[in-house]
Amino acid sequence: MTTHQHDKRDPACLEVFAKLSEYVDGELDAVECQEVEAHIADCPPCVEFLQSLKRCVAAERQFQGREECGPVPPELEQRLKSAWQAALARRHHA
């Protein structure tokens, strides 16, 4: 059993949050997969986030092929990166 606090401010949870997308996409090596699985076995917030991420991936896959997207304009890409970094900063300071 882990000794972390199991919330959005816990460094252990933040580390797992950062890896969950790669985990869902099967991009982690075996050791990293085991680390993520060991963490989520005892962490309801991370399980909730993982389930939400899986629903997003499934929804995204439903829309694939309907309409091809062009490249993301650089200005939009920068705005998305800024919004993501601001969200992470808010989460870290909450």
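A: Start with K19 and E35, whose side chains meet in a salt bridge at 3.6 Å, N to O. This is a predicted model. K19 lies in helix α1 and E35 in helix α2 (residues 30-40), so the pair ties together parts that are 16 residues apart in sequence.

Q: K19, buried or exposed?

A: Buried: the relative accessible area of K19 is 17%, and under 20% counts as buried. E35 is partly exposed, at 43%.

Q: What else does the side chain of K19 meet in a salt bridge?

A: E15, with 3.8 Å from N to O. E15 and K19 are 4 residues apart in helix α1, which puts about one helical turn between them. E15 is partly exposed, with a relative accessible area of 49%.

Q: How many salt bridges does a search of the whole structure find?

A: The search finds 3.

Q: Where do E77 and K81 lie?

A: Both are in helix α4, 4 residues apart, which is about one turn of the helix. E77 is partly exposed, with a relative accessible area of 36%. K81 also counts as partly exposed, at 42% relative accessibility.

Q: Which residues do salt bridges that share partners join into a network?

A: E15, K19 and E35 are joined into one network that way.

Q: OK, rings next. How many aromatic pairs does the count come to?

A: The count comes to 1 aromatic pair. The partners are F17 and F49, with 4.8 Å centre to centre and 40° between the planes, and the pair is tilted.

Q: Why does that pair tie together parts that are apart in sequence?

A: F17 lies in helix α1 and F49 in helix α3, so the pair links parts 32 residues apart in sequence.

Q: And accessibility: what is the relative accessible area of F17?

A: F17 has 13% and is buried. F49 has 26%, which makes F49 partly exposed.

Q: Which residues line the largest pocket?

A: The lining consists of L14, F17, A18, L20, S21, E22, F49, L53, W84, L88, R91 and H92. F17 and F49, which line the pocket, are also the two rings of the tilted aromatic pair.

Q: How many of the lining residues are nonpolar, polar and charged?

A: The lining of the largest pocket divides into 8 nonpolar, 2 polar and 2 charged residues.

Q: Can you recap the contacts for my notes?

A: For the rings, F17 and F49 form a tilted pair at 4.8 Å centre to centre.

Technical notes:
Residues numbered from 1 in each chain as written. Predicted model: local features only at pLDDT ≥ 70, side-chain atom pairs only at ≥ 80, totals over all residues. Heavy atoms only, no water. 1 Å grid on protein atoms, 1.4 Å probe; cavity = no way out; pocket = protein on both sides within 12 Å on 5 of 7 lines; lining within 4 Å. Nonpolar A, V, L, I, M, F, W, Y, C, P; charged D, E, K, R; others polar. Phe/Tyr/Trp six-rings, centres within 6.5 Å; stacked < 30°, edge-to-face > 60°. Helix = DSSP H or I, 4+ residues; strand = E, 2+ residues; numbered from the N terminus. Buried < 20%, exposed > 50% of the residue type's maximum accessible area, 1.4 Å probe, protein only. Salt bridge = Lys/Arg side-chain N within 4 Å of Asp/Glu carboxyl O.
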